[in-house]
Amino acid sequence: MFKKILIANRGEIAVRIIRACRELGIETVAVHSDVDRESLHVKLADHSVCIGPASASESYLNIPAIISAAEISGADAIHPGYGFLAENTHFADVCQSVGIRFIGPNAESIKMMGDKIEARKLVAKYGGIPMLPSSDGTVNPEDPTLLKVAKKIGYPIMVKARAGGGGKGMRVVYEEANLKNAIQAAQGEAKASFKEGGVYLEKYLENPRHVEVQVAGDVYGNVVSFPERDCSIQRRHQKLVEESPSPLFSDKLRKKIGKAARRAARAAKYVTVGTVEFLFDGKKEFYFLEMNTRIQVEHTVTEIVTGIDLVKEQIRLAAGEKLGYSKDDVKLFGHAIECRINAEDPERDFSPSPGQITHLVIPGGPGVRMDTHIYAGYKVPTHYDSLLGKVIVGSSRGREAAIVRMARALREFEIEGIKTTLPFLRKVMAHPAFKKGEFSTSFIEKYFSNNNGNGNGRK
Ligand code: MV4
């Protein structure tokens, strides 16, 4: 097992990782930028190193500074958290070349899964995983077979960036006449966002639900899957609410998606923890979308419904330990919901709201967990993403009871000095469509698009 882990991240996830290390008896090294000196992750870690100025490119993305900090402090592994360097192939490579274990899969897996075309090909070749019809590889407006390929897939079609992520470089096309323009636009956007301008075509699924499956694998080829998470409540590709299990899933469908996810993990020879994303039609079919090679923000709902500490699992598996249990040992208990608390103003189109927290009451009581780095007096910097933390609830009495519990927790929550997504989340919990479990990825657009806050979609 590792003796000392450097956490190349900040915020709630750095705190979460430090807590796992403490329980595992592993020493921790926090890194921080100039403006994060007073951050909770710095206070909780055994050691800390300042790695640069506020700007992320000079601190949390500064590979030489992070590697130097690891070498000086004698860390034998680096945990990247999510975001920043978590899916950076070059960083994973550098760690390996200096003899420091990167806590995640090998650089090869990260690279393969980062390329959506390669990932699809790998998974399709392995077989047994439902896929939407698509083009074989990248497409160009001048391809002589373009219209034929598109016709075979059938409209509507989504043009997607092979380096995609975060909804950039995507276009929906309903008719042939718009295809070439959409390809050009997506290529331009992809080139600007990812430097890689390649795009491909995929059958477009309207009003899908976003369902994902956590997987874990060891170096001996053992793989398990966990109950699915439903992450359909999102706004402009930012998730706001996640839950497990999905309100629309039967045991039969859960078995089927679990099997598909394990097959995808096996196809990728996946080691440590990862997530297989699917689109779900809301009735009975799901389709492979992509695979993420990092610990995710919403891993917590899976922890609540299974009782398994996924960050500890990730560290253990990265150190080469055996999984030690099989898919049938992973049991689903009750229902869990997570709400993301962001420093954003829902009244102003969710614009960032940094500043000092002047007053804070964090919810608690039965079945309530809060993962956060904030405290009263903490100053939210302007330089990083707006996630302040997550309220996670679990109930053994099912989804309705979990919603009641979340509404209760959000009611207890008090935060002053900055604007947050709290009032918005309270409305989501009270919304009839949410309560019924009847929502797709269009939920927020559909009911909150005028941002009138009344949640009925009318002005
Ligand atoms: C899709 C889709 C419909 N059909 N692909 C958005 C993020 C990127 N990873 C993939 N995304 C989508 N791909 C096909 N063939 C709809 C989306 C999509 C979406 C997916 C998950 C969660 C939220 C979403 C919001 C808009 C579009």
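Biologist: Is C21 buried or exposed, and at what relative accessibility?
Modeller: This is a predicted model, where local features need pLDDT of at least 70, side-chain atom pairs count only at pLDDT 80 or more, and totals for chains, interfaces and linings use all residues. Residues are numbered from 1 along each chain as its sequence is written, and side-chain values use heavy atoms, leaving out hydrogens and water. Buried means under 20% relative accessible area, exposed over 50%, and partly exposed in between, with a 1.4 Å probe and protein chains only. C21 counts as buried, because its relative accessibility is 0%.

Biologist: And C95, what is its relative accessibility?
Modeller: C95 counts as buried too, since its value is 0%.  The closest cysteine sulfur to that of C95 sits in C21. So for C95 the relative accessibility is 0%.

Biologist: How many disulfides does the structure hold?
Modeller: A disulfide is a pair of cysteine sulfur atoms within 2.5 Å. The sulfur of C21 has its closest cysteine sulfur in C95, 15 Å away, so that is too far for a bond. The disulfide count is 0.

Biologist: What separates the centres of domain 1 and domain 2?
Modeller: Domain bounds come from an automatic or database domain assignment, which gives domain 1 (4-103), domain 2 (133-203) and domain 3 (209-451). Taken over C-alpha atoms, the centres of domain 1 and domain 2 are separated by 37 Å.
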